[in-house]
Structure formats: C-alpha cells, structure tokens
Amino acid sequence: MSGKEVLKSIDLFAGIGGIRMGFDQAFGDGIETEFVSEWDEYAQATYRANYHDPFEIAGDITQVDAKDIPAFDICLAGFPCQAFSIAGRKQGFEDDYNGRCRGTLFLDVARICDYHKPKVIFCENVKGLVMHDRGNTFKVITETFEQLGYKVYYKVLNSMDFGVPQNRERIYIVAFRNDIDSSGFEFPEPTDSTKRISDIMEKEPVSVRYYLSDTYLESLKKHKARHESKGNGFGYVVRGQDEVAGAIVCGGMGRERNLIVDDRLVDRTPVTHIKGSVNDENVRKMTPREWARLQGFPEDFQLPLADVHLYKQLGNSVTVPVIRAIAEEIKAVLDADAGSEPVVTSVKSGVVAKEVYRWPRRPPRNPPTRPAATRGSGASTTA
C-alpha cells in the first residue's frame, strides 16, 4: 500500500474478532473493517465490547445480499466445516461453485467474494479440513477460489510456535486475486516456541470456584481408567506449569483436558454448590483470562460474559499471533502490488520489483440464489 491508502476488510463468521485483531495488528491504520457478520448473540456481545464500529453486526449471513455489503479489499472468514458435494450433474447440481457448495456456509464466502472480487481472501479452519469428507471439502474450497480467479496458498501452523503455550494446529488458507503477483508470498516461520503454561497463569491466586470438587475429580479419574483399560486415550489431563497446553476447544472435555495444579489456594470454602469438598490436590481449571492468553489476546481484551460463554468463545476462536504473522506476509505482497518503495514481496524474502495491473471493477449483477443452510458461528470449528 502506498501513501495514505487504506484497505477495506470484512469479517465473516467473526466470532469474537480474533482474525480481525491479527490483521489490525499487522496493518495498523492501513486497514478498516467495513462489515461484520456473526450469528451467535453472545459472541456478538463480546465482539461489540471490543470493537466499536459505527454499524451493526449482521446476523445470519445467508440472508445478506452481496450487493448490500460495502466494497472491500480483504475478506476474513473462519467458516464452519461442512460436507461438500462434488457430484456435479450426476446429482443434478451445477458444476460451478454455486452447485458444488450448495447447503454449506462456505457458499456465502464464495458468492460474496465472487461479487466483490477482493484482493485477498483469508480463511482459518481445523487441521482436519484437508481430510474432511475424504478430502472432498478441501478440494471444493481450493477449486472454488481458483474458479473465482485466485491463486491459493495453504499451510498447517502450530500456535505453540508463535509465542503462546498451546499445541493447536490449524490450517490457514490465503487466496490472492490472480492479477496480484503473489509469487513472493510465504507463510511465516516460527517466531517463539519457548512459552509455557506458567507464562499465562494468573499472577494472583484465583477464586476457589475454579478448583474441582473431590467428587468430580474422582469421577474423572474413574472415567479415564475405564478408557485406558480399553486402550483409549480419552480422559482428563493435568498439565505441568512447565508444559504446553493442549488445544483449547469449545465442546466436550475442553476444560478438563487442560487442568493445572495451583497450590496458592488459601480459603477452601466453596462459593458455588458442589458435591463433596474442594479437592486437596489443588487441581483447577484454567480461567477464561488464561484461555484468552493461550490464544494470544491482549490483556485489555474485554471478557464481559459469564464463564460458560467465554470458554466456548475462546475455544472457538483463533490464535491472534499466528494470524498477525500471516497477515504481515500478506501485507508485504500488497505493499509490493501498490508499488511502494522499496518493494518488498515478503517479510522474509526481500526486495522484488513488479509491474502494477489494476483489476477492473466487475459490473453489478444479482448474486446466485441459495437454499437455506445450517447456521453456524465462530471463527473456527473445533477439533
């Protein structure tokens, strides 16, 4: 980007705004968000507590016409993972993306980007997306972007390599419009793999309500023993403070697989109704703020809701430092495309000059029709 040029972005399936935060950090005042869509009302509340946009958050994206979305340069989309059809005409579907993506929320990403033709499309999803539906889902995603006129890059990165102590592998997809020379684009290399759970723990003792009851802890032990006797690895996990946390997730035993021992508890009087007493092994859940740190959110990121909602939102969000590192590489390519001096095509790869070609604005048209789709929310599906 040259001079005072400011890129416009939209945030689809926005969750609590983790992807946006990474791009805001990378681009600084060179990016502005023009449109946000998130279906879950609790995620909307957390989003609004942290981003004070002059527009309302759109709800169900399937009901939003592409022409009603302001023009934008970058599409951010953490769409839910659903099965795709590659049956084509054998099942009566069209062979273009509108038919192959039918019944999925990815269709909304495609139809909106088909209408506006942004410079960049950025997506994040679970590592298993590549193998989802025997590889059909990922095949349709990449071929759709190519059909729309984009060069697609993707890579699995681990959050614990980017300054947070969380073993979280996710796939990141970056699609550049074909007229943009993206040949210098590279996904970032690891920046910091030294962080451990002790680095994200609360500095002061936490409330007794985060400590498990002895009854519940005993039930977890029995549950784990039953699975181990069958050769399964399911069950709770107590992490050492010098270890890395497992991937935090919004469902199942997400909290119980990242328990820690914290011996700083002084008053063991329960403040909530529990069965039994507070366990004498000092095993507790991490707090929502500790989960926020595992995802790389800054300390001033507001967590305004009850814990039950915050655990879901943070487990369903993204690791901000990973997003920022990728966004910095994207910015380098766009800076080169805008003809800035010096022309840097990658944060890592140095200086390369290029000719600038301007993509013509497509004439307005009606977006493709779509059937009703299952609603979803969040910046990512869970592992």
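**Entry 1: helices α2 and α8.** I looked up how helix α2 (residues 41-50) packs on helix α8 (residues 307-315): the angle is about 85°, and the axes are 10 Å apart. Because angles of 65 to 115 degrees count as roughly perpendicular, I recorded α2 as roughly perpendicular to α8. From α2, the contact draws on Y42, A43 and T46, and from α8 on H309, L310 and Q313. I sorted the residues of this contact by type and noted three nonpolar, three polar and no charged. I note that the model is a predicted one.

**Entry 2: residue I323.** I next turned to I323, which lies in helix α9 (residues 320-337).

**Entry 3: helix α5.** I examined helix α5, which covers residues 136-147 and has twelve residues. From first C-alpha to last, α5 reaches 16 Å, close to the 16 Å expected at 1.5 Å a residue. Which residues of α5 are buried? I recorded N136, T137, F138, V140, I141, T142, T144 and F145 as buried. Just after α5, I noted that G149 adopts a positive phi of about 100°.

Methods
Residues are numbered from 1 along each chain as its sequence is written. This is a predicted model: local features need pLDDT of at least 70, side-chain atom pairs count only at pLDDT 80 or more; totals for chains, interfaces and linings use all residues. Side-chain values use heavy atoms; hydrogens and water are left out. Helices (H or I, at least four residues) and strands (E, at least two) are DSSP runs, numbered from the N terminus. The expected span of a helix is 1.5 Å times one less than its number of residues. Buried means under 20% relative accessible area, exposed over 50%, partly exposed in between (1.4 Å probe, protein chains only). Axes are lines fitted to C-alpha atoms, for helices over the stretch in contact, and angles run from 0 to 180 degrees between N-to-C directions. Angles under 35 degrees count as roughly parallel, over 145 as roughly antiparallel, 65 to 115 as roughly perpendicular and the rest as oblique. Contact means heavy atoms within 4.5 Å. Ala, Val, Leu, Ile, Met, Phe, Trp, Tyr, Cys and Pro count as nonpolar, Asp, Glu, Lys and Arg as charged, and the others, Gly among them, as polar.
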